[in-house]
Amino acid sequence: MENWDVRRVTPEDAGRMRALRLEMLADSPLAFLETLAQAAARPHESYRQRIRQSSEGFETAQFIADPGGPLAGHAGGIVLPDEPHCTVIFAVYLTPAYRGGKILGQLIEAVADWSAAAGRDELMLEVVCGNGRAVRAYEKLGFADTGVRLRHPTIPALTELQMRRRV
């Protein structure tokens, strides 16, 4: 199962990205900022526009693990407006069949390389408290818990922990 390419999205990926986004939301509804119903209702052209914006430049980027059929994983990066030296990693997801392998590290390193090319030297991400598997996976990739705790942006009863690392 190690036959995939980790690369930046292109507008041609919009259909497969939409399918992956719907899978992400069905599989892990607490991890993302929109619901499955909201994503399913969004027109295909909306996905294509978002992918187009993420396919070039240094403001936002999305990277995928592409085994040649349905996408196996995703990680995005965006500049943090209040901290121009920092890239926020968002929407990290691996399909269940690819969890526990090398894809997570490859996706995070793709975001890190893009961040470094943009002149940003720090990565930040947030994980729902209690998701020990994700915390351990990110620790193996060099992230450390900053001690910062934040209210979940869409489910106020949940708390997220912040993790950071150098690029």
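Helices (DSSP H or I, at least four residues) and strands (DSSP E, at least two) are numbered from the N terminus. This is a predicted model, in which local features need pLDDT of at least 70, side-chain atom pairs need pLDDT 80 or more, and totals for chains, interfaces and linings use all residues. Residues are numbered from 1 along each chain as its sequence is written, and side-chain values use heavy atoms, with hydrogens and water left out.

**View A. Helix 4 and the glycine that follows.** Helix 4 covers residues 103-117. Buried residues (under 20% relative accessible area; exposed is over 50%, partly exposed in between; 1.4 Å probe, protein chains only) of helix 4 include Ile103, Leu104, Leu107, Ile108, Val111 and Trp114. Gly105, Ala110, Ala112 and Ser115 are buried too. Gly119 follows helix 4 and has a positive phi, near 85°. Gly119 sits in the loop between helix 4 and strand 5. Gly119 counts as exposed because its relative accessibility is 58%.

View B. Val167 lies in the segment after strand 7 (159-166). Its relative accessible area is 38%, so Val167 is partly exposed. Its contacts (heavy atoms within 4.5 Å) beyond four places in sequence include Ala112, Ser115 and Ala116. Arg120, Asp121, Glu122 and Leu123 also touch Val167. Cys86 is 81 residues away from Val167 in sequence, but 9.2 Å away in space, C-alpha to C-alpha.

**View C. His74 and Ala91.** His74 belongs to strand 3 (residues 73-80). His74 is buried because its relative accessible area is 2%. Its side chain reaches the backbone oxygen of Ala91 at 2.6 Å. Ala91 is part of strand 4. Ala91 is buried, with a relative accessible area of 16%. Its phi is positive, about 50°, although Ala91 is not a glycine. Most residues other than glycine have a negative phi.

**View D. Val6 on strand 1.** Val6 is found in strand 1 (residues 5-8). Val6 is partly exposed, with a relative accessible area of 22%. Beyond four places in sequence, Val6 touches Ile64 and Ala65, and also Gln106, Leu107 and Ala110. Val6 and Gly73 are 67 residues apart along the chain, and their C-alpha atoms are separated by 8.8 Å.

**View E. The largest pocket.** A pocket is an open set of points on a 1 Å grid over the protein atoms alone where a 1.4 Å probe fits, with protein on both sides within 12 Å along at least five of seven lines; lining residues have an atom within 4 Å of a point. The largest pocket is lined by 47 residues. Phe32, Ala91, Val92, Tyr93 and Tyr138 lie nearest its centre. Elements giving two or more residues to this lining include helix 1 (14-27), helix 3 (44-54), strand 2 (60-66) and helix 5 (132-140). Strand 4 supplies the largest share, 7 residues. By class, the lining has 26 nonpolar residues (Ala, Val, Leu, Ile, Met, Phe, Trp, Tyr, Cys, Pro), 11 charged (Asp, Glu, Lys, Arg) and 10 polar (the others, Gly among them).

How values were computed. Expected span 1.5 Å × (residues − 1). Polar contact = N/O pair within 3.5 Å; in protein donor to acceptor, adjacent residues only side chain to side chain.
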